[in-house]
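The following paragraphs walk through the structure shown below.

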Amino acid sequence: MPDAPDPSDLKLLGLRPGATRGDLRRAYQRARSTWAAGSLATYGLVEDSEREEILARLTAAYERLARSLEAGPAPGEPNSQEAPQDARQPRGDQVSGAESAPSPAAVDRPPANPGATLRRQRLSKGIAMELLARETRIRPAILEALEEGDTARLPAPVYIRGFIIAYAQAIGLDESEALARRYLEWLETRGA
Amino acid sequence: MTTKNQASSPRIWAIGGGKGGVGKSVIAANLAIETARRGTTVTLVDMDLGGANAHTLLGLGAPTLKITDFVERRIATLAETITPTPVGGLGLIAGAGATPGAANTRHAQKERLLRNLRTLPSNVVLLDLGAGTAFNVLDFFVGADLGIVVTMPEHTSVENANNFLRAAFFRRLVRSTATRPFRSVIRELIAQPQNAQPLTPRQLVDAAAGIDEEAPKRLRRALEGFGPAIVVNQVRVPGDRALPEQMAGAAREYFGIAAWAGGFIPADRLVGRSVRERRPVVEAFPGAPFSAAVGQLADALLASGASDA
């Protein structure tokens, strides 16, 4: 049973307690298009790194709220996908993509979970979990386990390579092969 | 609807936006008329001290009395400088035209003007501020009960509007820190060394905890009480209709202020024609898309006051 919606998450997305999943979806869609790369609304407001950080914060808040609200009743609304309906990349995003995406460097500190880097990259691009699940056709539970490096919930390493490549490609990262290799090496250090 | 009686001091609305030429004055003049038509008495104050022309937009000749007559103390009270207009419930305080130095009001003059604006005998006082982010403009903007930022759906205007919001945020921050030592520390935080990475608004507010633990909470409350409306003028394509909500959301999420979407105003050829004919758009072309949008804006602004006035 998920917790009640976090008030600071609600506030971040400009929602009031009692907001429905529909409210949440609309608020997040607005936030996502606002903070997308190349968005007119934020022109002259922030540096790109700041923009990504804000988008990541909003996306993380959205995911937590979506999980909380899933448990509660939502009359008249389908129980399944609450993902934004638009394409994988946020609207107004004409410049970002594989070439402009920051390379997942800084992964070469061996103890760090490479899944955390994937998560950071995903959030900074405003790609919510259920959107990624739809895009990759991988179950959200597996994607979460990948991000958390939760070996107990992960399948055998032989299946993981394909998951990581699909994940990395779906969020527009280059070097998906190298990422998968690093991920498996990291799992080995964990004795998986 | 009956005219509200003038029991308390007027609600001050201020129109700003950083960039010239986005339609602030045309919107101000027509908004003043639409608001007056809703049974609310309005004084339109032309504070575009560098290039006043509200009287022309209202189809009036050159007024005998101007705001400068009050500022330069030829007239004792601001209310005496109100020029009547043919619109019921609407009075005008005309601007000065291009008087050298007029755009640089001194501090004492500014305070006196602010005080007198509060004593005007109407329900709403609508300030048409000039372009730019000078303290003159900013202080009237953040000192108003309701700020209205006007921009257009193009990069230069949005950039200027965002810079204007940033400047207004800092001005509001400084003005909401009442005690002197506190204020000077905030000033110091804002004026960082040139080579340092500038603090984000969020970091700036958090850094105030170094002065006093409760400070960030207090500052956040003060900023949440600052709720400018974002209006996007000359919208041509449907994709730009989302811009007011996006810009307001960005300001909420970035500065922590309670910005909200005042709406968009469609591009309308009849605006240019009515300006050339020296007739307010809402009078010459009441059915024009521009007129409808300005009417909705008047409704939204009046509704925003109903909840917190």
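B:Leu173 lies in helix α6 of chain B, which covers residues 155-175; helices (H or I, at least four residues) and strands (E, at least two) are DSSP runs numbered from the N terminus. The model is predicted: local features need pLDDT of at least 70 and side-chain atom pairs count only at pLDDT 80 or more, while totals for chains, interfaces and linings use all residues. Residues are numbered from 1 along each chain as its sequence is written, chains are lettered from A and ligands numbered from 1 in the order in which they are written, and side-chain values use heavy atoms, without hydrogens and water.

B:Leu173 has a relative accessible area of 0% and is therefore buried (buried means under 20%, exposed over 50%, partly exposed in between, with a 1.4 Å probe and protein chains only).

Rings of Phe, Tyr and Trp (its six-membered ring) pair if their centres lie within 6.5 Å; planes under 30 degrees apart count as stacked, over 60 as edge-to-face and the rest as tilted. One of the pairs is tilted: A:Tyr183 and A:Trp186, at 5.9 Å centre to centre and 55° between the planes. These two residues are separated by about one helical turn because they are 3 residues apart in helix α8 (residues 176-189) of chain A. A:Tyr183 is buried at 0% relative accessible area, and A:Trp186 is buried at 6%.

In chain B, B:Tyr254 and B:Phe255 form an edge-to-face pair, with 4.9 Å between the centres and 65° between the planes. Ring pairs also link them with A:Trp35, B:Phe169 and B:Phe170 into a cluster.

Charged side chains come next. The structure holds 31 salt bridges over all chains, each being a side-chain nitrogen of Lys or Arg within 4 Å of a carboxyl oxygen of Asp or Glu. In one of them, the closest N and O atoms of B:Lys110 and B:Asp139 are 2.8 Å apart. This pair links distant parts of the chain, 29 residues apart: B:Lys110 is in helix α4 (residues 107-117) and B:Asp139 in helix α5 (residues 135-143), both of chain B. B:Lys110 is buried at 6%, and B:Asp139 is buried at 1%.

In chain A, A:Asp150 bridges to A:Arg153 at 3.1 Å between the closest N and O atoms. A:Asp150 is partly exposed at 23%, as is A:Arg153 at 38%. Both belong to a network of salt bridges that includes A:Arg67, A:Glu144 and A:Glu148.
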